[in-house]
Amino acid sequence: MNEMYDMSIVTHNWGVMSVLGVILINIFMLLGIKNIAKYTRAMSLFTPIVGTTIGMVIFTGVVMMAAKHLDFTVQNIAMITFAVILIYLEVKRSKGLQNLNKKDENAVKEYRAYALKIFLLEIFVTLSISFWMWH
């Protein structure tokens, strides 16, 4: 049982790092927007990867909680809250892209600023819970 828990911690940490990596890739894609149609198409392919990485972190967290007999500590409740916040932010950003008026010339600029704020908030959320847990 301890081996499974230790493996889950390592997998969970790699999952958190992959979430940060996916957010950084999203930022680079966002800053490189030249054509909103191409960006929208690329994001429709990339968004499931974002969901999968967040899902991996949630799954490994659930496995670790099950290994500890579903002990709801303050840290576990905080991680669940932060996972819900990440999911909410991703849905909000995705809806913003879907609702974007693609014919408006300033739409790309406005969306870039909006999405960048969300990505930076996601990085802050992920790093803050990570630093709290790792120290």
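Biologist: How many aromatic pairs does the count come to, and what makes two rings a pair?

Modeller: The count comes to two aromatic pairs in this predicted model, where rings of Phe, Tyr and Trp pair if their centres lie within 6.5 Å.

Biologist: Why is the pair of Tyr111 and Tyr114 called tilted?

Modeller: The ring centres of Tyr111 and Tyr114 are 6.3 Å apart, with the planes at 50°. Planes under 30 degrees apart would count as stacked and planes over 60 as edge-to-face, with the rest called tilted, and the angle of 50° therefore makes this pair tilted. Both residues belong to helix α4, which covers residues 107-134, and they are three residues apart, about one turn of the helix. Together with Tyr39 they form one aromatic cluster.

Biologist: Which residues have the most contacts inside the largest nonpolar core?

Modeller: Leu30, Tyr39, Leu97 and Tyr111 have the most contacts inside this core, which has 24 residues. At least two of the core residues come from each of α1 (2-31), α2 (36-67), α3 (74-98) and α4. In soluble globular proteins, nonpolar side chains tend to be buried together. Setting aside residues up to four places away in sequence, Leu30 touches Tyr39 and Tyr111, along with Arg112, Ala115, Leu116 and Phe119.

Biologist: Why is Asn26 called buried, and what is Asn26 in contact with?

Modeller: Asn26, a residue of helix α1, has a relative accessible area of 1%, which is under 20%, so Asn26 is buried. Apart from neighbours within four places in sequence, Asn26 is in contact with Met43, Phe46, Val50 and Phe119.

Biologist: Why does Met43 count as buried, and how far is Met43 from Leu97 in space?

Modeller: Met43, placed in helix α2, has a relative accessible area of 2%, and this value under 20% means that Met43 is buried. Met43 and Leu97 are 54 residues apart in sequence, yet their C-alpha atoms are 9.1 Å apart in space. Once neighbours within four places in sequence are left aside, the contacts of Met43 are Asn26, Met29, Arg93 and Leu97. For the protein chain, among contacts between residues at least 6 apart in sequence, 80% join residues at least 24 apart.

Biologist: Which helix gives the most to the lining of the largest pocket, and how many of the lining residues are nonpolar?

Modeller: Helix α3 gives the most, with eight residues, although α1, α2, α3 and α4 each supply at least two. The largest pocket holds about 750 Å³ of space, and of the 31 residues lining this pocket, those closest to its centre are His12, Gly61, Met64, Met79 and Met133. By class, 21 of the lining residues are nonpolar, eight are polar and two are charged.

Biologist: How many helices and strands does the protein chain have, and what percentage of its residues count as buried?

Modeller: The protein chain has four helices and zero strands, so that its elements, read from the N terminus, run α-α-α-α. Of its 135 residues, 34% count as buried, and along the principal axes its C-alpha atoms fill a box of roughly 55 × 25 × 20 Å.

How values were computed. Residues are numbered from 1 along each chain as its sequence is written. This is a predicted model: local features need pLDDT of at least 70, side-chain atom pairs count only at pLDDT 80 or more; totals for chains, interfaces and linings use all residues. Side-chain values use heavy atoms; hydrogens and water are left out. Rings of Phe, Tyr and Trp (its six-membered ring) pair if their centres lie within 6.5 Å; planes under 30 degrees apart count as stacked, over 60 as edge-to-face and the rest as tilted. A nonpolar core is a set of buried Ala, Val, Leu, Ile, Met, Phe, Trp, Tyr and Cys residues joined through side-chain atoms within 4.5 Å. Buried means under 20% relative accessible area, exposed over 50%, partly exposed in between (1.4 Å probe, protein chains only). Contact means heavy atoms within 4.5 Å. On a 1 Å grid over the protein atoms alone, a cavity is a set of points where a 1.4 Å probe fits but cannot get out, and a pocket is an open set with protein on both sides within 12 Å along at least five of seven lines; lining residues have an atom within 4 Å of a point. Grid points are joined across faces, edges and corners, and a volume is the space filled by probe spheres set on the points. Ala, Val, Leu, Ile, Met, Phe, Trp, Tyr, Cys and Pro count as nonpolar, Asp, Glu, Lys and Arg as charged, and the others, Gly among them, as polar.
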